[in-house]
Amino acid sequence: MKDDRAEFEQQARRDAIALGEDEAINRDGLHLLREAGKHRYTYLWSWLGVPIIQVPSDVMAMQEIIWETKPDIIIETGIARGGSAIFLASMLQLLGRGTVVGVDIDIRAHNRDSIESHPLGHRVRLIEGSSTDPDTLAQVIAMIEPGGKVMVILDSDHSYTHVKNELAAYAPLVTEGQFLIVADTGLAIESDNFTPPHGWGNGNDPMAAMDEFLAAGDRFEIDPVYNGKLLMTSSPRGYLRCVR
Ligand SMILES: C[S@@+](CC[C@H](N)C(=O)[O-])C[C@H]1O[C@@H](n2cnc3c(N)ncnc32)[C@H](O)[C@@H]1O
């Protein structure tokens, strides 16, 4: 039998890009997610027993990204109940090395316990504080080993100003070839269910901050394959590859 693995992958890339360009189906995907939001869809899942506040396709995309890019350090701002931190830790465990740095303004004792008592908790370092506080940032930077490959996920306060400040603080830490994920950009498009009590959406959202950030520099590009195939995602266009 002919080895068709490369061909299969090329076809999948082309299909993903074409899917991403199909505006109607992506509009339907986001609409379905908004409707499912009435049932608190993103709160229904867990990873290895710990609640993860994500849409499954986003978790799948992160799995592919981590396996492709093999980061040494994954910095996540906004860890909530810890499921995403444990997910990231489990990917690093499969790689056999690496650390998740989880930053949150409010790490409740029971959530800290879920993470620290988990079999994969040894791969997670927790920092409590606002992600944009200079002291928090200094603690994060101190955990990066020289020469380490750094990936960043911004999933904390989704206001325009906070994400703008996070992008200024954390994007420079991302190393070439790694990803910067700006979560919940979908608030700009389908914010009805998410707006109260924060008032996010209508320009006060991660997409607005991300678009300005992208326009101001050339280190990051919206990856057409990962972004193309998400379909139902919290973070449309939010998967940025560091290209230089
Ligand atoms: C959407 S949840 C994170 C979900 C988590 N990444 C997951 O996938 O399960 C947002 C988190 O951001 C935290 N947060 C809010 N403002 C913050 C800030 N200024 N700095 C750091 N974390 C913040 C909240 O405490 C909350 O736990």
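In this predicted model, V152 is in contact with I75, Y170, L173, V174 and L180, leaving aside its neighbours within four places in sequence. V152, I75 and L180 are also the residues that touch the most other members of the largest nonpolar core, which has 58 residues. Helix α4 gives this core its largest share, seven residues.

The strands form an open sheet of seven with mixed pairing, in the order β5-β4-β3-β6-β7-β9-β8. At the edges stand β5 and β8, each of which pairs on one side only. From one strand to the next, the twist averages 20°. Inside the sheet, β7 and β9 pair in the antiparallel sense over three bridges. I181 has Y239, in β9, as its bridge partner.

| Strand | Residues |
|---|---|
| β3 | 73–77 |
| β4 | 99–104 |
| β5 | 124–128 |
| β6 | 150–154 |
| β7 | 179–182 |
| β8 | 220–222 |
| β9 | 239–242 |

Helix α7 lies across β3, β6 and β7, and runs at about 175° to β6. Helix α9 covers residues 206–216, and its buried residues are P206, M207, A208, A209, M210 and F213. These buried residues pack against α7 (160–170) and β7.

The ligand is surrounded by 19 residues, of which the closest are I53, G78, S84, S156 and D157. By type, the shell divides into six nonpolar, nine polar and four charged residues. Helix α4 (83–95) and strand β4 each supply at least two residues of the shell.

Key. Residues are numbered from 1 along each chain as its sequence is written. This is a predicted model: local features need pLDDT of at least 70, side-chain atom pairs count only at pLDDT 80 or more; totals for chains, interfaces and linings use all residues. A residue is near a molecule or strand if its C-beta atom, placed from the backbone, lies within 6 Å of it. Helices (H or I, at least four residues) and strands (E, at least two) are DSSP runs, numbered from the N terminus. Ala, Val, Leu, Ile, Met, Phe, Trp, Tyr, Cys and Pro count as nonpolar, Asp, Glu, Lys and Arg as charged, and the others, Gly among them, as polar. A residue is buried if 20 or more other C-beta atoms lie within 10 Å of its own, exposed if 12 or fewer, and partly exposed in between; C-beta atoms are placed from the backbone. Two residues are in contact if their C-beta atoms, placed from the backbone, lie within 7 Å. A nonpolar core is a set of buried Ala, Val, Leu, Ile, Met, Phe, Trp, Tyr and Cys residues joined through C-beta atoms within 7 Å. Two strands pair if DSSP finds at least two bridges between them. Axes are lines fitted to C-alpha atoms, for helices over the stretch in contact, and angles run from 0 to 180 degrees between N-to-C directions.
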